[in-house]
Amino acid sequence: FFQSCSDSKNSSSDTTSPNAVEASDELAAASQPTAQFAKLKVESPFENLDLDFTNLRCNTAKSQTLRLESGTSIEVPAAAFVDEKGKPVAGQVDLQFREFQNPAEIIASGIPMKVVGENGGESWMQTAGMYEIKGSQNGKPVFVAPGKSLQVNLASPVGGAYDFWKFEPEKGNWDNFGVSEA
């Protein structure tokens with residue numbers, strides 16, 4: 001899950017929040033907490049209630065922009081994906097994308113809306129919108145290739161500069177990637 005959020009209010013009128021999804025082991029390692037605290041996890045409070053994914057398809061041979069009805073777009077460069085062994089993926093790739101824009105969708109998703117600091121303190125997050133994106137080819141997962149990135153231009157009803165966060169299930173916490181580009 002990815003989100004743009006802030007712990008303070010901002011009143012700018014910008015309605016899109018572009019965010020890059022990249023392969024970045026260095027960034028993730030640099031933001032690992034030093035102490036061990038209880039992990040957060042995505043846990044829906046409701047049974048059988050889940051926001052549907054939008055299914056998209058892209059061709060790995062060329063750069064393209066995928067547009068959703070919400071106004072969100074995803075820019076996919078050529079040769080953007082690798083398989084689980086790190087080998088480049090050729091042909092069609094299926095993407096699944098879903099957005100969480102309002103409090104009901106966020107609550108139903110079970111996405112944790114707090115972040116645990118290095119000292120164990122918790123801070124509540126304020127969001128301008130969140131999304132989840134997954135890729136596969138022939139039913140097997142694909143990953144963003146090293147040196148490549150998908151540019152997600154998340155349409156948001158909330159304006160302003162928000163930090164871009166990525167939830168890391170293995171760590172049970174959020175990584176902060178700084179203010180998203182406007």
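User: Before we start, what counts as a helix or a strand here?

Analyst: Helices are DSSP runs of H or I with at least four residues, and strands are E runs of at least two, numbered from the N terminus. On that basis the protein chain of this predicted model comes to two helices and 14 strands.

User: And how much of the chain is buried?

Analyst: Of the 182 residues in the protein chain, 41% are buried, while the accessible surface comes to about 10400 Å², with 49% of that belonging to carbon and sulfur atoms.

User: What share of the contacts is between residues 24 or more positions apart?

Analyst: Counting contacts with a separation of 6 or more, residues 24 or more positions apart account for 75%.

User: Switching to rings, how many aromatic pairs turn up?

Analyst: Searching the whole structure gives three aromatic pairs. One of them is F97 with Y131, which counts as stacked because the ring centres are 5.4 Å apart and the planes stand at 25°, under the 30 degrees that the label requires. This pair links distant parts of the chain, with F97 in strand 7 (residues 92–100) and Y131 in strand 10, 34 residues apart.

User: Are F97 and Y131 buried or exposed?

Analyst: Both F97 and Y131 are buried. Another aromatic pair, F167 and W174, is edge-to-face, at 5.1 Å centre to centre with 65° between the planes, and F167 and W174 are likewise buried.

User: OK, new topic: where does G139 sit?

Analyst: G139 lies in the loop between strand 10 (126–137) and strand 11 (140–144), and G139 counts as exposed because its relative accessibility is 70%, the cut-off being over 50%. Its C-alpha atom is separated by 8.8 Å from that of D94, 45 residues apart along the chain.

Conventions. Residues numbered from 1 in each chain as written. Predicted model: local features only at pLDDT ≥ 70, side-chain atom pairs only at ≥ 80, totals over all residues. Heavy atoms only, no water. Buried < 20%, exposed > 50% of the residue type's maximum accessible area, 1.4 Å probe, protein only. Phe/Tyr/Trp six-rings, centres within 6.5 Å; stacked < 30°, edge-to-face > 60°. Contact = heavy atoms within 4.5 Å. Areas by Shrake-Rupley, 256 points an atom, 1.4 Å probe, with all protein chains shown as cover.
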